[in-house]
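Please look through the sequence and the three-dimensional model shown here before reading on.

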Amino acid sequence: MTGVDFSRPVEEVARWLIGATLAVDGVGGVIVETEAYDGEDSASHSFSGPTPRNRAMFGPPGHAYVYRSYGLHWCFNLVCREAGHGAGVLIRALEPRWGLELMRERRGGLADRLLCAGPGRVCQALGINGSHDGLPLAEPPFQLTPAAAPMAVLQGPRIGISRAREVPWRFGLAGSRYLSRGFPG
């Protein structure tokens, strides 16, 4: 059980995920940075409707949407809202906690602070790839657990996109040294 209602608005889920723990086959850590993308959002992969690439975004909430970014890196999203809507939360960064040796091996010996600082790094460190696309988040290999207490959350514009950058749907754990990039101000 994940302990989150993925049918809620995507920006609420993105904020809620800060401080939650995520593991894939026992390798993972604390979610410290997310970005929200809604089906009515021009920056979302689902904005133009369903395609073979984004079909998981239009499936039931609480499933994984995994895709290649620029043909190079896998990126991992948690599908939100009702089936058919096309909304998801991109996991941008984790504070690594479990399976550090395997993460270091997968990431080529990077410093721990950089193991999961960015969406492509998260997937490489956790071993997430296209075979995870569409899988339910409430079942193995995933383990998603809510934060034990409310977190101090930063909010700002999304990064690494060309459309709708001003939308303040990037969320981060205040004071975390594991963010992919700092927040303005």
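Helices (H or I, at least four residues) and strands (E, at least two) are DSSP runs, numbered from the N terminus, and buried means under 20% relative accessible area, as against exposed at over 50% and partly exposed in between, with a 1.4 Å probe and protein chains only. This is a predicted model, in which local features need pLDDT of at least 70 and side-chain atom pairs count only at pLDDT 80 or more, while totals for chains, interfaces and linings use all residues. Residues are numbered from 1 along each chain as its sequence is written, and side-chain values use heavy atoms, with hydrogens and water left out.

Helix H3 (residues 119-126) is largely enclosed by the rest of the structure, because six of its eight residues are buried. The buried residues in H3 are Pro119, Gly120, Val122, Cys123, Ala125 and Leu126. Just after H3, Gly127 takes a positive phi of about 75°.

## The cysteines

A disulfide is a pair of cysteine sulfur atoms within 2.5 Å, and by this rule the count comes to zero disulfides. Cys116 is in no disulfide, and its nearest cysteine sulfur, that of Cys123, is 9.6 Å away. Cys123 is likewise in no disulfide, with the sulfur of Cys75 as its nearest cysteine sulfur at 5.9 Å. Cys116 is buried, with a relative accessible area of 0%, and Cys123 also counts as buried, at 1% relative accessibility.

| Strands | Direction | Bridges | Residues standing opposite |
|---|---|---|---|
| S2 (residues 27-37) and S8 | antiparallel | three | Glu33 and Gly172 |
| S7 (residues 153-156) and S8 | antiparallel | four | Val153 and Leu173 |
| S1 and S6 | antiparallel | four | Val24 and Phe142 |

Arg170 has its place in strand S8, and it is buried, with a relative accessible area of 1%. The side chains of Arg170 and Glu33 are joined by a polar contact of 2.7 Å; a polar contact is a pair of N or O atoms within 3.5 Å, where within protein one must be able to donate a hydrogen and the other to accept it, and residues adjacent in sequence count only if both atoms are side-chain atoms. Ser176 is found in the segment after S8 and counts as buried at 15% relative accessibility. The C-alpha atoms of Ser176 and Glu33 are separated by 9.2 Å, although these residues are 143 apart along the chain.

His63 lies in the loop between S2 and S3, where a polar atom of its side chain lies 3.4 Å from the backbone oxygen of Pro61. Leaving aside neighbours within four places in sequence, His63 is in contact (heavy atoms within 4.5 Å) with Asn77, Leu78, Val79, Gly134, Leu135, Pro136 and Leu137.

## The chain as a whole

The protein chain has three helices and eight strands, and along the sequence they follow the pattern α-β-β-β-β-β-α-α-β-β-β. Of the 185 residues in the protein chain, 52% are buried. Among contacts between residues at least 6 apart in sequence, 60% join residues at least 24 apart. The accessible surface, found by the Shrake-Rupley method with a 1.4 Å probe and, for residues, with only the protein chains shown counting as cover, comes to about 8,400 Å², of which 53% belongs to carbon and sulfur atoms.

The predictor's confidence in each residue is given as pLDDT, from 0 to 100. The protein chain averages a pLDDT of 88, and 88% of the residues score at least 70. Confidence is lowest in strand S3 (residues 64-69), at a mean of 90, and highest in strand S1 (residues 21-24), at 98.

How values were computed:
Pairing = 2+ DSSP bridges.
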